[in-house]
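Work through the exercises below with the sequence and the 3D view at hand. Each task is followed by a worked solution.

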Amino acid sequence: MKILANAPKPTNGRSGRKLDKRARILKAAAKTFARKGFYNTKISEIARQAGIADGTIYLYFKSKDDILITLFDESMESILQEFSRRLAECHDPAEKIRSFIRLHFELVRTNPDLAAVMQLELRQSNQFIKQYAGTRISDYLNLIGAIIDEGQASGIFRRDVLPGVFKRALFGALDEMSTIWVLSRTKKYDLQESAEQIGTLFLAGMLARPH
């Protein structure tokens with residue numbers, strides 16, 4: 001599942017070239033941030049990776065922080081759309097939880113540069129921490145919450161479990177394993193195996209009956 005910001009809509013002429021340059025800048029930024037780190041990356045290095053002049057970047061973004069936040073925001077939009085589509089194909093709440101976990105780790109495994117940026121580099125941006133409202137993260141958590149609501153309504157999940165607690169606990173586990181995988185040079189952790197074990201652990205305490 002390859003995701004890197006929103007793919008530009010097909011256009012012709014000048015506007016099409018602008019969208020192409022903007023997409024190239026975001027892709028180059030993800031690669032450079034992942035390789036060198038957010039603080040150590042210079043705008044000139046992003047421009048060189050994108051194959052454009054340094055000043056061209058400022059036609060699209062105000063600063064390096066602006067690039068980072070845009071990369072996160074637009075990538076999350078694509079991720080939310082893809083997750084919603086894939087989860088809609090499954091009608092069993094328990095299997096939806098497993099599918100969500102698999103999708104999360106599939107995203108990390110197939111987008112290592114983006115994963116490194118989202119797991120590590122975003123936390124280095126003061127602008128992101130202080131000013132970003134975090135609505136995309138809330139939307140992501142609410143995908144889990146909606147599954148819990150569905151499972152409780154159908155009697156599959158225990159009604160005494162608070163969806164807000166469950167979704168944050170599950171996200172915390174996924175976030176921690178993803179960070180360990182990103183930091184590991186050998187990538188010795190099998191994300192597919194991790195997905196199955198996390199799914200089993202969380203569902204064991206969630207199911208109202210054998211399932």
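**Exercise 1.** Which kind of contact do the side chains of Glu-89 and Arg-85 meet in?

*Solution.* This is a predicted model, where local features need pLDDT of at least 70, side-chain atom pairs count only at pLDDT 80 or more, and totals for chains, interfaces and linings use all residues. Residues are numbered from 1 along each chain as its sequence is written, and side-chain values use heavy atoms, with hydrogens and water left out.

Step 1. Apply the rule: a salt bridge is a side-chain nitrogen of Lys or Arg within 4 Å of a carboxyl oxygen of Asp or Glu.
Step 2. Glu-89 and Arg-85 form a salt bridge, at 3.2 Å from N to O.
Step 3. Classify the two residues by relative accessible area (buried under 20%, exposed over 50%, partly exposed in between; 1.4 Å probe, protein chains only). Glu-89 has 53% and is exposed, while Arg-85 has 44% and is partly exposed.
Step 4. By this rule the count comes to 14 salt bridges.

**Exercise 2.** Which parts does the pair Arg-86 and Glu-106 tie together?

*Solution.* Step 1. The side chains of Arg-86 and Glu-106 form a salt bridge of 3.4 Å, N to O.
Step 2. Locate both residues, taking helices (H or I, at least four residues) as DSSP runs numbered from the N terminus. Arg-86 is in helix H3 (residues 64-87) and Glu-106 in helix H4 (residues 93-110), so the pair ties together parts that are 20 residues apart in sequence.
Step 3. Both are partly exposed: Arg-86 at 27% and Glu-106 at 23%.

**Exercise 3.** Which residues do salt bridges that share partners join into one network?

*Solution.* Step 1. Take another pair: Arg-102 and Glu-95 form a salt bridge of 2.8 Å, N to O. Arg-102 is partly exposed at 31%, and Glu-95 is partly exposed at 28%.
Step 2. The network joined through shared partners consists of Glu-82, Arg-85, Arg-86, Glu-89 and Glu-106.

**Exercise 4.** Which residues touch the most other members of the largest nonpolar core?

*Solution.* Step 1. A nonpolar core is a set of buried Ala, Val, Leu, Ile, Met, Phe, Trp, Tyr and Cys residues joined through side-chain atoms within 4.5 Å.
Step 2. The largest such core has 61 residues, and Ile-57, Ile-67, Ile-97 and Phe-157 touch the most other members.
Step 3. H3 gives this core its largest share, 10 residues.
Step 4. Leaving out residues up to four places away in sequence, Ile-67 has contacts (heavy atoms within 4.5 Å) with residues including Ile-25, Phe-33, Ile-57 and Phe-61.

Note on methods: Helices (H or I, at least four residues) and strands (E, at least two) are DSSP runs, numbered from the N terminus.
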